[in-house]
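Hi there,

Here is the structure I promised to hand over. Have a look at it first, and then read on for what turned up.

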Amino acid sequence: MPVKTIIEPFRIKSVEPIRWTTRQEREQLLRAAYYNLFLLPADDVLIDLLTDSGTGAMSTRQWAAIMEGDESYAGSRSFDHFRESIQDIFGYKHVIPTHQGRAAERILFNVTCKKGAVVPNNTHFDTTRANVEYVGAEAVDLVIPEGRQPSLKHPFKGNMDVEALENLIQKTGRERIPLVMLTVTNNSGGGQPVSMENVRQVSKVCRKNGIPLYFDACRFAENAYFIKLREPGYESRTPKQIAQEMFSYGDGCTMSAKKDGMANIGGFLCTNDDSLAQLEKDLLILTEGYPTYGGLAGRDLEAVAVGVQEALHEDYLRYRIASTAYLGDHIAEQGVPIVQPPGGHAIYVDARAFLPHIPPDQFPGVALAAELYLEGGIRSVEIGTLMFGAAAKMDLVRLAIPRRVYTQSHVDYVVEIILEVWKNRDRIFGLKLSHEAPYLRHFTARLEPVEKVLAH
Ligand SMILES: Cc1ncc(COP(=O)(O)O)c(C=O)c1O
């Protein structure tokens with residue numbers, strides 16, 4: 001009989017205490033943070049689901065590799081390990097280390113885009129969009145229509161709309177499109193995967209038009225596992241074989257190793273194009289560092305070299321995808337509205353549907369995130385009207401799961417708290433802004449309840 005219980009495929013060798021606070025303390029802390037969870041000291045958070053980026057736990061093998069770090073400025077042995085491990089999976093000719101994903105993006109768009117260029121993506125992550133726009137280019141999101149409907153179930157909601165891509169190329173002219181990008185998995189669309197079939201089709205259109213295809217590869221291992229689970233023909237392939245095939249349809253990638261690199265810092269940029277690689281390395285030296293370290297310590301290179309391989313271990317991915325789905329399924333079956341189906345790295349609660357009595361201009365996502373903290377010390381993040389202003393199409397609360405950090409009982413606790421808040425949702429008030437910065441206001445915004453009292 002197959003065993004149904006999914007266990008963490010690791011044992012714990014080193015522990016980090018987390019701190020309980022009382023509800024009364026959290027009320028004070030929340031007021032002191034102006035209802036913005038970014039302004040909370042992390043020590044006052046019990047379960048931190050703010051992000052899965054750089055928050056993972058490293059393995060004994062990674063820590064051992066860290067001790068092997070070669071800190072030579074040029075020609076470091078650790079860079080060879082880094083390059084070899086990445087090439088083994090990604091297969092690209094040039095591997096350029098960067099301190100994190102956005103540095104790879106900045107370099108890529110600087111060397112490939114001019115003012116007036118157009119970059120299609122299934123959905124640009126916010127730093128990707130910002131780096132495209134910074135060089136005067138236009139970032140266009142072409143996810144399939146199903147990817148824009150939160151409650152709709154579809155196995156590959158991260159897919160790009162291939163017809164829309166072809167139309168865009170026709171309308172814009174291929175010479176204005178320096179590259180096409182596919183974000184795997186599609187973070188801004190709920191951590192939803194892209195199918196191999198879609199990668200093939202997008203690649204075909206790109207090759208027909210002579211446009212390079214790049215991956216935003218942050219969560220490539222989770223995407224590979226979704227393909228294994230959901231796409232006919234891939235059941236018996238390993239996640240690594242699937243990732244290798246996927247990357248073979250592209251010409252390069254950007255990567256934040258803080259996600260499926262299983263590291264706390266790091267990233268890289270890959271390309272098969274020799275002349276582009278030269279330009280990229282020139283720019284790298286200017287702002288990141290020499291091409292054999294690119295802003296990272298030798299020990300970081302070692303941690304990533306091991307981490308990208310560990311992210312593809314099947315036992316790990318089975319637990320990773322199952323525990324995220326467990327959280328999503330257990331709240332959804334009690335009626336909590338979430339983006340369906342559960343993504344790889346996070347659960348996104350639909351705050352507009354959760355709190356229909358709070359209009360978007362009273363920040364239902366922020367109000368819900370504040371209430372989850374108040375109820376159980378859980379930190380999440382709003383992705384909605386506070387983050388995007390009036391342009392926000394949805395108000396979501398993202399619960400991102402750090403890799404290998406929390407156990408089943410932590411997830412059960414999160415489920416219990418969310419269901420408690422769900423039961424008392426009518427008592428939650430909206431919020432109004434008392435201070436906002438001119439850019440990226442969600443990081444520093446100050447808010448206060450529309451009603452004078454704290455919820456309850
Ligand atoms: C899809 C995606 N692309 C790019 C990035 C940027 O990576 P970093 O935070 O390492 O700069 C992120 C980070 O969250 C991401 O999720």
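Is I378 buried or exposed, going by its relative accessibility? It counts as buried, because its relative accessibility is 0% and the cut-off for buried is under 20%. One thing to keep in mind from here on: this is a predicted model.

**Around I378**

I378 belongs to strand β10, which covers residues 378-379. Its contacts, leaving aside neighbours within four places in sequence, are L37, I47, L49, A369, L372, Y373, L399, Y413, V414 and I417.

**The ligand**

Next, the ligand. It is surrounded by 14 residues, and R102, N187, D216, S256 and K259 are the closest. Sorted by class, that shell has six charged, six polar and two nonpolar residues. Helix α4 (residues 101-112) gives the most to the shell, namely three residues.

- R102: an N or O atom in its side chain is 2.7 Å from an oxygen atom of the ligand.
- K259: a polar side-chain atom lies 2.8 Å from an oxygen atom of the ligand.

How much of the ligand does the protein bury? Taken alone, the ligand exposes 390 Å², and the protein buries 96% of that.

**Helix α12**

Helix α12 runs over residues 314-332, which makes 19 residues. From its first C-alpha to its last it reaches 26 Å, close to the 27 Å expected at 1.5 Å a residue. Its buried residues are Y316, L317, Y319, R320, I321, S323, T324, L327, G328 and I331.

Most residues other than glycine have a negative phi, and most peptide bonds are trans. A few places here go the other way.

One joins V184 and T185, with omega about -20°, and T185 sits in the loop between β5 (180-183) and α7 (196-209). Another runs from Q340 to P341, with omega near -15°; P341 is in the loop between α12 and β9.

Then there are Y34 and Y35. Y34 is not a glycine but has a positive phi of about 55°, and Y35, also not a glycine, has a positive phi of about 65°. Y34 lies in the loop between α1 (23-32) and β1 (47-48), and Y35 is found in the loop between α1 and β1 too. How exposed is each? Y34 is partly exposed, with a relative accessible area of 32%, whereas Y35 counts as buried at 8% relative accessibility.

V132 is in helix α5 (residues 126-134) and is buried, because its relative accessible area is 0%. Not counting residues up to four places away in sequence, V132 touches F109, V119, H124, A137, E138 and A139.

Q170, in helix α6 (residues 162-172), is exposed, because its relative accessible area of 69% is over 50%. V132 and Q170 are 38 residues apart in sequence and 21 Å apart in space, C-alpha to C-alpha. Q170 and N209 are 39 residues apart in sequence, but 9.8 Å apart in space, again C-alpha to C-alpha.

Last, T444. This residue lies in the loop between β13 (431-435) and β14 (446-449) and is partly exposed, with a relative accessible area of 36%. T444 touches N36, L39, H435 and A437, not counting residues up to four places away in sequence. Between T444 and A33 there are 9.5 Å from C-alpha to C-alpha, although they are 411 residues apart along the chain.

Happy browsing!

Key
Residues are numbered from 1 along each chain as its sequence is written. This is a predicted model: local features need pLDDT of at least 70, side-chain atom pairs count only at pLDDT 80 or more; totals for chains, interfaces and linings use all residues. Side-chain values use heavy atoms; hydrogens and water are left out. A residue is near a molecule or strand if one of its heavy atoms lies within 4 Å of it. A polar contact is a pair of N or O atoms within 3.5 Å; within protein, one must be able to donate a hydrogen and the other to accept it, and residues adjacent in sequence count only if both atoms are side-chain atoms. Accessible areas come from the Shrake-Rupley method with a 1.4 Å probe; for residues, only the protein chains shown count as cover. Helices (H or I, at least four residues) and strands (E, at least two) are DSSP runs, numbered from the N terminus. Ala, Val, Leu, Ile, Met, Phe, Trp, Tyr, Cys and Pro count as nonpolar, Asp, Glu, Lys and Arg as charged, and the others, Gly among them, as polar. The expected span of a helix is 1.5 Å times one less than its number of residues. Buried means under 20% relative accessible area, exposed over 50%, partly exposed in between (1.4 Å probe, protein chains only). Contact means heavy atoms within 4.5 Å.
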